[in-house]
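Here is a short tour for a first look. Keep the sequence and the 3D view side by side as you read.

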Number of protein chains: 2
Amino acid sequence: MTRQPTIEFWYEFASTYSYLAATRIEAAAAAAGVCVRWRPFLLGPIFAAQGWTTSPFNLYPAKGRNMWRDLEREAARLGLPPVTRPDPFPQNSLSATRAALLGQDQDWLIPFSKAVYGACFAEGRSIAEPSAVIEILNGLGLDGTQTVKAAALEANKTRLRVAGEEARSRGIYGAPTFLTEDGELFWGNDRLEQALSWAVGDRPGGMR
Amino acid sequence: MTRQPTIEFWYEFASTYSYLAATRIEAAAAAAGVCVRWRPFLLGPIFAAQGWTTSPFNLYPAKGRNMWRDLEREAARLGLPPVTRPDPFPQNSLSATRAALLGQDQDWLIPFSKAVYGACFAEGRSIAEPSAVIEILNGLGLDGTQTVKAAALEANKTRLRVAGEEARSRGIYGAPTFLTEDGELFWGNDRLEQALSWAVGDRPGGMR
């Protein structure tokens with residue numbers, strides 16, 4: 001039996017198109033015969049390094065208006081519930097991302113991540129406060145209070161910072177980003193199919 | 001016989017993804033039963049209004065690096081020639097866009113536009129100087145010198161400015177942009193299929 005290729009799925013909880021990708025990546029990857037490694041990270045520091053103090057969708061209103069409309073259309077196309085807009089947008093994702101980093105090698109990472117996205121973009125709930133993260137963890141049968149406490153320890157904060165540095169050093173500038181084992185970078189929910197094809201060696205025009 | 005729906009294709013000659021869209025919109029639209037109205041415009045003033053003095057692909061190097069790689073991949077996937085990077089990027093598209101505006105209702109608009117894109121992104125030629133535009137027009141059997149001269153007259157310059165104001169007032173913030181008759185805006189080459197579906201009334205989840 002041959003080893004399945006793997007792609008990394010770098011996602012940010014406050015990111016609208018990361019949400020779309022998170023809802024469909026498992027089925028798409030399974031169909032393609034590709035494993036997915038979920039890599040939560042914070043986009044804020046990367047945006048800050050390029051001079052942005054908030055989401056580009058807030059900085060550029062025309063772009064932001066169309067993003068919400070496009071998200072609504074794409075969510076409908078994917079059969080997802082109507083999109084709810086988090087208020088404020090973007091949500092502070094620090095607490096949720098710390099928890100996800102703690103769950104990096106745990107079987108609850110994916111259900112937790114999908115629950116955070118559902119709360120944020122389909123249920124209109126806040127994900128910003130530790131209490132919101134605790135509630136989501138509790139809902140998965142975990143000890144939310146204990147997990148959030150452990151996620152706030154120095155070792156885990158370091159892990160989050162290191163993940164951010166890894167993201168930047170590997171060329172990530174937005175989310176979602178898909179990275180193949182040979183370092184090919186695909187940015188955006190619209191490139192999931194191309195990333196999966198690349199991972200299985202099906203490359204356009206014989207590219208390497 | 002029923003009237004075919006129409007979409008407007010707003011494109012900028014310096015825009016890499018407008019190039020990809022220009023190579024495939026005719027076949028895709030014909031297959032969908034949609035007419036396309038080609039709408040050349042300048043993105044520069046819109047970028048300038050949001051504080052950008054050059055392409056965001058230059059302002060944000062990580063984003064720019066991946067854009068060129070992605071363009072290479074997407075061009076290969078679409079069966080296009082290897083991408084050549086215009087130097088400088090973005091090319092000054094004023095002269096070519098003026099000519100295209102003059103050709104707005106002429107049968108040479110589309111072949112001219114595709115020839116400009118080919119020169120810019122597949123042949124590695126400059127499109128910035130009037131002489132380059134003249135050469136492209138001549139190559140289509142037109143009187144390039146005369147056309148470029150007419151394109152520089154005040155009436156045509158006004159037409160270009162009015163097109164830019166129309167773009168902005170209709171919510172355009174990037175290129176390519178597809179606009180349906182009911183004003184639905186789709187941004188980016190990746191949304192061509194969705195724009196065509198919308199135009200023929202095939203809308204996700206019963207959206208209106």
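## A first residue

Is Asn66(A) buried or exposed? Asn66(A) is buried, because its relative accessible area is 9% and the cut-off for buried is under 20%. This is a predicted model, so every value here is computed from predicted atoms.

Asn66(A) sits in helix 4 of chain A. Its contacts cross between the chains. Beyond residues up to four places away in sequence, Asn66(A) touches Arg73(A) as well as Tyr173(B), Leu185(B) and Trp187(B).

## Two copies

Chain A has an open sheet of 4 strands, with the order 2-1-3-4 and mixed pairing. Strand 2 and strand 4 (185-187) stand at the edges. Each has a single partner strand, so one side of each is left without a neighbour in the sheet. On average, neighbouring strands are turned by 20 degrees against each other, direction ignored.

Strand 3 (residues 177-180) and strand 4 of chain A pair in the antiparallel sense, over 3 bridges. Leu179(A) stands opposite Leu185(A) of strand 4. Helix 9 (residues 154-169) of chain A lies across strand 1 and strand 2, and runs at about 110 degrees to strand 1.

## Helix 6 of chain A

Helix 6 covers residues 109-121 of chain A. Its 13 residues should span 18 Å at 1.5 Å a residue, and its end C-alpha atoms are 18 Å apart, so the two values agree.

Which residues of this helix are buried? They are Leu109(A), Phe112(A), Ser113(A), Val116(A), Tyr117(A), Gly118(A), Ala119(A), Cys120(A) and Phe121(A). Their cover includes strand 1 (6-11) and strand 2 (35-40) of chain A. It also includes helix 1 (16-32), helix 4 (61-77), helix 5 (94-102) and helix 7 (130-139) of chain A.

## Aromatic rings

The structure holds 36 aromatic pairs over all chains. One of them joins Tyr173(A) and Trp187(A) in a tilted arrangement, 5.2 Å centre to centre with 50 degrees between the planes. Tyr173(A) lies in the loop between helix 9 and strand 3 of chain A and Trp187(A) in strand 4, so the pair ties together parts that are 14 residues apart in sequence. Tyr173(A) counts as buried at 6% relative accessibility. Trp187(A), at 34%, counts as partly exposed.

In chain B, the ring centres of Phe47(B) and Trp52(B) are 4.9 Å apart and their planes stand at 70 degrees, so this pair is edge-to-face. Phe47(B) and Trp52(B) are both buried. Back in chain A, one aromatic cluster includes Phe9(A), Tyr19(A), Trp38(A), Phe112(A) and Phe178(A).

## A buried alanine in chain B

Ala21(B) belongs to helix 1 (residues 16-32) of chain B. Ala21(B) is buried, with a relative accessible area of 0%. What does Ala21(B) touch, not counting residues up to four places away in sequence? The contacts are Phe9(B), Pro176(B), Phe178(B) and Asn189(B). Ala21(B) and Arg191(B) are 170 residues apart along the chain, and their C-alpha atoms are separated by 9.6 Å.

Notes:
Residues are numbered from 1 along each chain as its sequence is written. Chains are lettered from A and ligands numbered from 1 in the order in which they are written. This is a predicted model: local features need pLDDT of at least 70, side-chain atom pairs count only at pLDDT 80 or more; totals for chains, interfaces and linings use all residues. Side-chain values use heavy atoms; hydrogens and water are left out. Helices (H or I, at least four residues) and strands (E, at least two) are DSSP runs, numbered from the N terminus. Buried means under 20% relative accessible area, exposed over 50%, partly exposed in between (1.4 Å probe, protein chains only). Contact means heavy atoms within 4.5 Å. The expected span of a helix is 1.5 Å times one less than its number of residues. Two strands pair if DSSP finds at least two bridges between them. Axes are lines fitted to C-alpha atoms, for helices over the stretch in contact, and angles run from 0 to 180 degrees between N-to-C directions. Rings of Phe, Tyr and Trp (its six-membered ring) pair if their centres lie within 6.5 Å; planes under 30 degrees apart count as stacked, over 60 as edge-to-face and the rest as tilted.
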